[in-house]
Amino acid sequence: MLRPSSAAAASVESPALSSVSAALARKARFWDRIARKYAADPIADLPGYEATLQRVQGLLSANHDVLEIGCGTGSTALRLAPHTRRLLATDVSAEMIAIARDKLAAQPMPQLGFAVADADAPVFGQGAWDAVLAFNLLHLVDDLDHAIDAAAQALRPGGLFISKTACIKEMNPLVPRLALPLMRAIGKAPHVLCFDAAQLQATMLRHGLIIEAVERHGTRGKDIRVFIVARRPAGSVSLPCQQTQAAL
């Protein structure tokens with residue numbers, strides 16, 4: 001039997017794989033398009049951001065290998081890298097990573113690196129990291145169960161999963177029901193998951209993580225961004241891996 005050429009084989013792609021590839025490309029295009037504006041926008045709640053940074057710095061050490069998923073233009077990674085042995089910061093947007101690398105070139109840090117990678121289709125390596133960071137990301141992934149499972153599997157036993165996440169379900173109901181769908185329709189907003197803090201914690205627990213802290217660091221009115229510190233059990237060899245779910 002003749003085998004197809006590599007080019008022909010590459011063109012024979014399953015519908016499911018093709019759909020995933022198309023979704024990834026759309027997501028990357030959205031963030032590439034807004035990357036420069038995103039980099040220029042000021043932080044809305046600077047005291048709250050600084051409180052989160054201080055809290056995270058206290059959880060990291062110079063012995064830690066750290067992975068950040070959804071790093072954007074790298075501002076947070078640049079602040080946290082000096083408190084680690086090694087920090088790899090990743091984002092789905094090549095344009096975001098290009099901006100981050102420009103910042104790193106202006107402020108060199110040997111322990112910090114940036115790479116293009118998707119939190120929904122990660123290649124982080126299993127049991128390779130002492131901490132995984134996800135800031136303002138988990139409501140933007142395509143599949144929350146899959147993203148959290150991948151992050152948990154990337155941790156060494158006893159490692160920390162540290163996240164800060166906008167809980168869209170805690171907003172005015174008109175925002176997720178009307179405003180966000182309209183903005184998505186005209187290309188002004190990305191795909192967004194709608195869950196609250198309790199549902200987010202339940203997903204982490206479902207993937208074998210132990211929740212150690214749940215906090216809010218906002219300083220302006222109601223804070224919908226929940227900060228969670230979760231740990232992979234110290235004695236675990238592998239965590240329970242579940243099939244993709246649509247629970248949220």
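The model is a predicted one. His64 lies in a loop, helix 5 spans residues 94–106, and strand 7 covers residues 225–231.

- Leaving aside residues up to four places away in sequence, His64 touches Leu59, Thr84, Arg85, Arg86 and Asp130.
- Leu87 is 23 residues from His64 in sequence, and their C-alpha atoms are 8.4 Å apart in space.

**Helix 5**

- With 13 residues at 1.5 Å a residue, helix 5 should span 18 Å, and the 19 Å between its end C-alpha atoms agrees with this.
- Met96, Ile97, Ile99, Ala100 and Leu104 are the buried residues of helix 5.
- These residues lie on the same side of helix 5, because they cover an arc of only 160° around the axis.
- An α-helix has 3.6 residues a turn, so residues three or four places apart point the same way.
- Ala105 and Ala106, on the other side of helix 5, are exposed.

**Strand 7 and its partners**

- Strand 7 is mostly covered, with 5 of its 7 residues buried.
- Strand 5 (residues 155–166) pairs with strand 7 in the antiparallel sense over 7 bridges; Thr165 has Val226 of strand 7 as its bridge partner.
- Strand 6 (residues 210–216) also runs antiparallel to strand 7 and is joined to it by 6 bridges; here Ala213 has Val229 of strand 7 as its bridge partner.

Technical notes: Residues numbered from 1 in each chain as written. Predicted model: local features only at pLDDT ≥ 70, side-chain atom pairs only at ≥ 80, totals over all residues. Heavy atoms only, no water. Helix = DSSP H or I, 4+ residues; strand = E, 2+ residues; numbered from the N terminus. Contact = heavy atoms within 4.5 Å. Expected span 1.5 Å × (residues − 1). Buried < 20%, exposed > 50% of the residue type's maximum accessible area, 1.4 Å probe, protein only. Arc of directions from axis to C-beta. Pairing = 2+ DSSP bridges.
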